[in-house]
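Thanks for sending this one over. Here are a few friendly notes to read beside the model.

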Amino acid sequence: MFLYRIAIAAENYHHQLKKRTGLAINKRAKIAVDPDTYKYHGPNPELKCTFNGWSDPSMKNLIREECRGVCGQMCSSCWQWVCNDCCMHIGCFRHDQFCDTYGYMGTDCLTSRGVLWDLITEMPYDC
């Protein structure tokens, strides 16, 4: 079921990129941030991180880095169904690096390398 959800999200992302609406980022435009992200980050977060997650004390820094390490599509949406929170996770951070390096249609990005599997750690699910 988890892989099905990732496939649907990737397909939705691909269609939005093709239309150049919604997720296309204009550097001058203000980046939309999911309201749930504010609950976990900033100087006084409302909610605590779970598992091996951590929060960024500076929302400005998090937005400037396009929410690298937070599960979801940049800052526009937080996928709590992946890691149970909107915190930064090492697996999600590595996954974002793979997607940046090899592209969103690269095998490492599409197969959720870093989150579901990785050759670096022995953990099968690194969230």
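Predicted model: local features only at pLDDT ≥ 70, side-chain atom pairs only at ≥ 80, totals over all residues.

1. Residues are numbered from 1 along each chain as its sequence is written, and side-chain values use heavy atoms, without hydrogens and water.

2. Helix H5 spans residues 90–102, and its 13 residues reach 18 Å from first C-alpha to last, close to the 18 Å expected at 1.5 Å a residue (1.5 Å times one less than the number of residues). Helices here are DSSP runs of H or I with at least four residues, numbered from the N terminus. Just after H5, Gly103 has a positive phi of about 90°.

3. Which residues of H5 are buried? They are Gly91, Cys92, Arg94, His95, Asp96, Phe98 and Cys99, where buried means under 20% relative accessible area, exposed over 50% and partly exposed in between (1.4 Å probe, protein chains only). These buried residues pack against helix H4 (80–83) and H6.

4. Helix H6 (residues 107–110) includes Leu110, which counts as partly exposed because its relative accessibility is 40%.

5. The structure holds one aromatic pair. Trp79 and Trp81 are stacked, at 5.7 Å centre to centre and 20° between the planes (ring centres within 6.5 Å, using the six-membered ring of Trp; planes under 30 degrees apart are stacked, over 60 edge-to-face, the rest tilted). Trp79 is partly exposed because its relative accessibility is 23%; Trp81 is partly exposed because its value is 31%.

Key. Helix = DSSP H or I, 4+ residues; strand = E, 2+ residues; numbered from the N terminus. Contact = heavy atoms within 4.5 Å.
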